[in-house]
There are 2 protein chains.
Amino acid sequence: MRLHSSSLHSSLRDPVLGSIGFLNEVMSRYPEAISFAPGAPHPDTFEDIDTERYVDRFIDYLVQTGRSPEQARRLLLEYGPSRGIINGIVADALRRDHGIDAPENTLVMTVGAQEAMLLVLRALFRSAEGVLAVANPCFVGIIGAARLLDIDVIPVDETDAGIDLDGLERTCRSSRENGRPVRALYVAPDFSNPGAAHMSLGGRRKLLDLAEREGFLVIEDNAYGFTAAAGAELPPLKALDTARSVIHIGTFAKVAFPGARVGYVIADQPIGSSSGGTLLADELAAVKSMVTVNTSPLCQAVIGGMLLEHGGSVIELSRRKSEIYQRNLTCLVDALDRHLGDGSHPGIRWNRPCGGFFVRIHLPVPVDTALLEVSAAKYGVLWTPMRQFYLDQAGDHQLRLSCSYLDPERIEEGVRRLTAFLSEEVERRWDSGGIG
Amino acid sequence: MRLHSSSLHSSLRDPVLGSIGFLNEVMSRYPEAISFAPGAPHPDTFEDIDTERYVDRFIDYLVQTGRSPEQARRLLLEYGPSRGIINGIVADALRRDHGIDAPENTLVMTVGAQEAMLLVLRALFRSAEGVLAVANPCFVGIIGAARLLDIDVIPVDETDAGIDLDGLERTCRSSRENGRPVRALYVAPDFSNPGAAHMSLGGRRKLLDLAEREGFLVIEDNAYGFTAAAGAELPPLKALDTARSVIHIGTFAKVAFPGARVGYVIADQPIGSSSGGTLLADELAAVKSMVTVNTSPLCQAVIGGMLLEHGGSVIELSRRKSEIYQRNLTCLVDALDRHLGDGSHPGIRWNRPCGGFFVRIHLPVPVDTALLEVSAAKYGVLWTPMRQFYLDQAGDHQLRLSCSYLDPERIEEGVRRLTAFLSEEVERRWDSGGIG
């Protein structure tokens, strides 16, 4: 049976769903290129990983806490509760490391942060009621999940200092007047992907005040918080949240390793009017039972054992990784400053974040896939056009560089190639008016 | 922030989403009861499992097929392609074991069969266009996934011989006339959960003819095919599908172990009019990138290694499990025949399937949770009310027994307790007109 693409769900024609595939395809065609495209983990972060040892460590823990060795072993092989089996270990780590006081029953373990986003959006949104506000530029995963569920998304500008709070307030007002109130805001206050925005403590408090006043929930994504440069660490929104406005999403993809596919969501919002009611976490677990049933207990055991081996601390678990990513980010920004910051490239500018994987470069010309092809084919350097992260045209002149998985010498060489590309292709074309 | 349950997605108020939680809750309150409720794997099927060895086996395979040991190891730890990394091994097994000739690029590996269902439904259904026909009674997982996506579900009666084809044809006609044509049918032709229906070869061919004539897709769930008694094996619909009408969903939860959370979907339907277009599998992989990104490569490695260790054959992998479940099913049916089949229980009847995990019992009284509480508290035996599997009232007088995870002596004792319960509570009440 041949299917017409118009008969399939509308999300399938959204470029967001194809964005990752496109980047992989370009990378596969230019295997020798230096790629600043993927936000993949650095290979050094895999060196010490020993999944067998972590599983054994977790089984030991289960035995110490009252199970027989056979029961412990079987827990990893059977189905398990939709909400997860390492919730207590994760809750303890978040309390200790981040000051998030989330009881175990407010957590649901998920198949990465992506599933957590889908669960949260599904639970919170009814068809044609309410809209999701997102930082603009925005992580494609949340937009993609919203598209799958036919949830309308409305952009709110994000600067280096985080989401524009005045703009958000205006958006809340106009959305309410249009009968489609902002139900939730998606934001990554700590080094967002791709914007690398970092909200100040004051900004965080103001955002929470606004959420309470306007009655929207804040979906906080904390994937990159661990990369903060020393002294730049700030408490996550959830640690400041006294009104239960924040749903906090995290992942072990970066602080442990992506192949485990383990993330989590904290959702301590009470449902209904009675004091004996359920929590949003209970509802998310029910939704999850119809999405993936449960997160692989084997994978949860790997992550649980890994955490236990590091004293139950995410900060300890991620310390070396954090150092690698801080080193790389410094290398990248330094190289850009040295190669492009001598005043001879007036149309080109970039941000200098203090954490995260990403730097954005503004060019004087539109940045599209044709330009990427030139960069890849003639200069051997890959990057990501920013327009795929924007819900409007604001990113059309930007590209994103990721420094996560390269070594310092490759970053240096990559920036050298990028400089040649920008000088010879972009600035020349701009000067001659060839690209407007 | 307190949330009103009426402000959450409507699926959260559907009893289907709470059904698994309810059973777990009852089981936890009666830990000493013999439970025929869960379709969980038999503990003996876990005995030989050695996940470390399987991972090593898969890494050996990767090295033999051209990767360096370090590349192989990293493949298991990194992100990976949304469509999966063991597709070729699984495709070979399905060709060899089941005569399903599905090229590797038509497969997507998923987080169990549940995610496969969600992906397929999301891709195929647009809001308010088309309906999903399902066998009635029906696996709750497909109904739950449809509810999450606001997809309307229409029941088609299923007998022991499978879906009622005349009823299906009538449903197609009336749905078309109502402007909401049947877009797809969900069916498990080999020992469905909970009906244990088994379609004949002729019935399978007629269903495929009807699908082609009426223009609907068939979503085939093959979770229990491996439990067929010797001689009762029939080719899956996908092996008979010459018109690409069938989307085939499978899981390794039963033939390997559930904790891996690995399933798959075959979707070889071409999209669009050109010959160089995409396949439905490509679209499912794109949807998956926004649901779970990818299936844990570590878990895929465990399953891949397990398959390789069994000569790349699902039949070899599941042989011992198949024997255990056939033994248990025979024990259960024999025990029912001995204890309840002497003619003194005229209001009670049951089916005698030749595969699967489940037997249904028809009672002369309504079967509800109150009756389950009596059975659990006074007689120490648990089962599942069938009404949760029906979209209408047809199952109100039925209960489901699962034989999968008990040993023969427990099955015997369980049926003894069940007989006491039925004799003393159900038949007495029926005789006295106490329950109507």
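**Note on the two-chain model**

1. Between chain A and chain B an area of about 6700 Å² is buried, with carbon and sulfur atoms giving 62% of it; buried area is the accessible area (1.4 Å probe) that two parts lose on being put together, summed over both. Met1(A), Tyr79(A) and Met290(A) supply 13% of the area that chain A buries against chain B, more than any other three residues. The contact draws 82 residues from chain A and 82 residues from chain B, where contact means heavy atoms within 4.5 Å.

2. The model is predicted: local features need pLDDT of at least 70 and side-chain atom pairs count only at pLDDT 80 or more, whereas totals for chains, interfaces and linings use all residues. Residues are numbered from 1 along each chain as its sequence is written, chains are lettered from A and ligands numbered from 1 in the order in which they are written, and side-chain values use heavy atoms, with hydrogens and water left out.

3. The same surface serves both copies, since 100% of the contact residues of chain A recur in chain B.

4. The largest nonpolar core has 100 residues, of which Phe252(A), Phe257(A), Phe252(B) and Phe257(B) touch the most other members. Apart from it lies another core, of 96 residues, including Ile249(A), Tyr390(A), Val134(B) and Ile249(B). Such a core is a set of buried Ala, Val, Leu, Ile, Met, Phe, Trp, Tyr and Cys residues joined through side-chain atoms within 4.5 Å; buried means under 20% relative accessible area, exposed over 50%, and partly exposed in between (1.4 Å probe, protein chains only). Beyond four places in sequence, Phe257(B) touches residues of both chains, among them Leu76(A), Leu77(A), Leu298(A), Phe46(B) and Met306(B).

5. Helix 5 of chain B (residues 112-124) has 13 residues and reaches 19 Å from its first C-alpha to its last, close to the 18 Å expected at 1.5 Å a residue; the expected span is 1.5 Å times one less than the number of residues. Because 13 of its 13 residues are buried, helix 5 of chain B is largely enclosed by the rest of the structure. Helices (H or I, at least four residues) and strands (E, at least two) are DSSP runs, numbered from the N terminus.

6. Glu115(A) belongs to helix 5 (residues 112-124) of chain A and is buried, at a relative accessible area of 0%. Its side chain reaches the backbone nitrogen of Val111(A) at 2.8 Å. Leaving aside residues up to four places away in sequence, Glu115(A) touches residues including Lys288(A), Thr295(A), Val291(B) and Thr292(B).

7. Which side chain makes a polar contact with that of Asp241(B)? It is the side chain of Lys238(B), at 2.9 Å; a polar contact is a pair of N or O atoms within 3.5 Å, and within protein one must be able to donate a hydrogen and the other to accept it, residues adjacent in sequence counting only if both atoms are side-chain atoms. Asp241(B) lies in the loop between helix 9 (237-240) and strand 8 (246-251) of chain B and is buried, with a relative accessible area of 13%.

8. Asp392(A) lies in the loop between strand 13 (384-385) and strand 14 (398-402) of chain A and is partly exposed, at 29% relative accessible area. Its side chain is joined to that of Asn136(A) by a polar contact of 3.1 Å, and a polar atom of the Asp392(A) side chain lies 3.1 Å from the backbone nitrogen of Ala394(A).

9. Most residues other than glycine have a negative phi, and most peptide bonds are trans. A cis peptide bond joins Asn193(A) and Pro194(A), with omega about 15°, and another cis peptide bond joins Asn136(B) and Pro137(B), with omega about 10°. Phi of Ala196(A) is near 60°, a positive value in a residue other than glycine; Ala196(A) lies in the loop between strand 6 and helix 8 of chain A and is buried at 6% relative accessibility.
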